[in-house]
Amino acid sequence: MGRAMGLAGLLLGLFLVPAVLVSTGLRHGAPPTEPAPEPAEWEPVSGSFREDSLWPLPQWLRTSPRQLQLAPGRFQLVHGVGSSAGPDCGLLQDAFRRYYEYMFGQSPRWTRSRGPPGGRGEPELSQLQVVIEAPDPGCHSYPNLASSEAYHLTVTEPVAILKADEVWGALRGLETFSQLVHEDDYGSFLVNESEIDDFPRFAHRGILLDTSRHYLPLKSILTNLDAMAFNKFNVFHWHIVDDQSFPYQSIYFPELSDKGAYSYNHIYTPTDISLVIEYARLRGIRVIPEFDTPGHTQSWGKGQRDLLTPCYSGERPTGSFGPINPILNTTYDFMTKFYKEISSVFPDAYIHLGGDEVNFDCWKSNPEVREFMRKQGFGIDYAKLESYYIQKILDIVSSYNKGYVVWQEVFDNKAQLKPDTVVQVWMGNNYAHELSSVTGAGFTAILAAPWYLDYISYGQDWKKYYSVEPLNFPGSEKQKKLLIGGEACLWGEFVDATNLTPRLWPRASAVGERLWSSRNVTNLQDAYERLTNHRCRMLRRGIAAEPVFVGYCAHEARGQ
């Protein structure tokens, strides 16, 4: 927030981190001044970093050097007086259990300790009371684009108070509170008196995982949902199928995975899907599935006869197949039934329909497709044929009262899109211009182009992701409001369960702070110190995040 805060500054004196406290208006401020050039690498700070660094940085924070002690045997996470949620709110009850363990661990020395705090003079913090203020707390619902994630946290003796409109804000506040709690070298748990007012800058903060190029076991997905919650991401964009394999086990069309998956074991059953959706819901994370068509569909054709376009060499079929066949009525009969199932299985209001990288060569080679083009008056403009197909799919999905996300080519190829279409911008060559075009046409946009984390390089590439300013594109204030957020994408050509987590974290954490925190939070040195510390915290919580740079973690020195 226009300052070099430094971790030590959190605990030296009473200070205020300035921030704008007006809800979504925060993201429409003046362009920031360019940050001073930073060295390519920083020298490691001697010793380890403090264990109470906040990531992502809250919108507004005031903290005091006065510390309170938490006795694990007595400290409680409870529903506060006047809260619309109570013990029957399974989502919060589950969160209370999780965050107690994140703060104190499962060591038997704490569960047995019921005595007074040992030998220290700090006053004791006995409770964190959580108060949900909206009449409907949202305990049994699913998060959505309009969900409130705002919260207010006050940490003072003897009771800390966390207030939020909805449970989603309480989840974010619990994460922040857990980050404030730290263990000293003598085994005492401490928290500084603090006040925090916080809310996300962008409503859509996503991670894309690809389960087609390599199958990701359920455990890997769930682990990364935990890591997403630690970084306040709220959308799991599940690129579940592609050319290489079709691991989604369809209820209506089981032969799609029977023949399209790598094997009978490399599938996600309906029970698996439900588990992922509920696990995500309990962490305030939406699950948006992507079933990309008409390209990227080779695996679909193995289990669905006549779905793909036969390719020709001259007048003869080659035996190979191209994109979905857009000229057959049977194609749309299949898609109608298939998307009915998807609309039922996935509760989110949106489905990602893909639409990227469609190769027209096979369509051009097929005489029946060429004849269809002639009858439709499309000439030789195959982008019009793609738009014809996409529009039919959009109509099908709309009939099930679902919104949809598409990759930018669908917009670029001038498909007739409904006004509520969300366009995901992924091409890196000139994404600012693309954002300007998409929002200028009145469409909502998601930015992914600068955050393709499957591209790896030596050194601290997190700084490149962190330094992106999503709203640096030409356009009016109205256009800027149409950018609802962004996604960090980890495509799976070279990623499976062995390297997924360390490749994603903490690099994706940089995107998480950019999408959550104030536009003015740009100091790379301060971010480096906090991120290094946050990475250590993720390690303590079981997330195998790779190092930011040279150094060590305090919990390693304690033998934990």
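Select E195 to start: with 18% relative accessibility, E195 counts as buried (under 20% relative accessible area; exposed is over 50%, partly exposed in between, using a 1.4 Å probe and protein chains only). You're looking at a predicted model, where local features need pLDDT of at least 70, side-chain atom pairs count only at pLDDT 80 or more, and totals for chains, interfaces and linings use all residues. Residues are numbered from 1 along each chain as its sequence is written, and side-chain values use heavy atoms, with hydrogens and water left out.

E195 sits in strand β8 and R62 in strand β2, so the pair ties together parts 133 residues apart in sequence (strands are DSSP E runs of at least two residues, helices H or I runs of at least four, numbered from the N terminus).

Stay on β2 and pick R66. R66 forms a salt bridge with E157, with the closest N and O atoms 2.9 Å apart. E157 lies in the loop between β5 and β6, so this pair links parts 91 residues apart in sequence. R66 is partly exposed at 36%, and E157 is partly exposed at 39%.

Next, go to D210 and R213, whose side chains meet in a salt bridge of 2.9 Å, N to O. D210 is buried at 2%, and R213 is buried at 11%. Show D242 and E493 too: salt bridges that share partners join these four residues into one network. The whole structure has 23 salt bridges.
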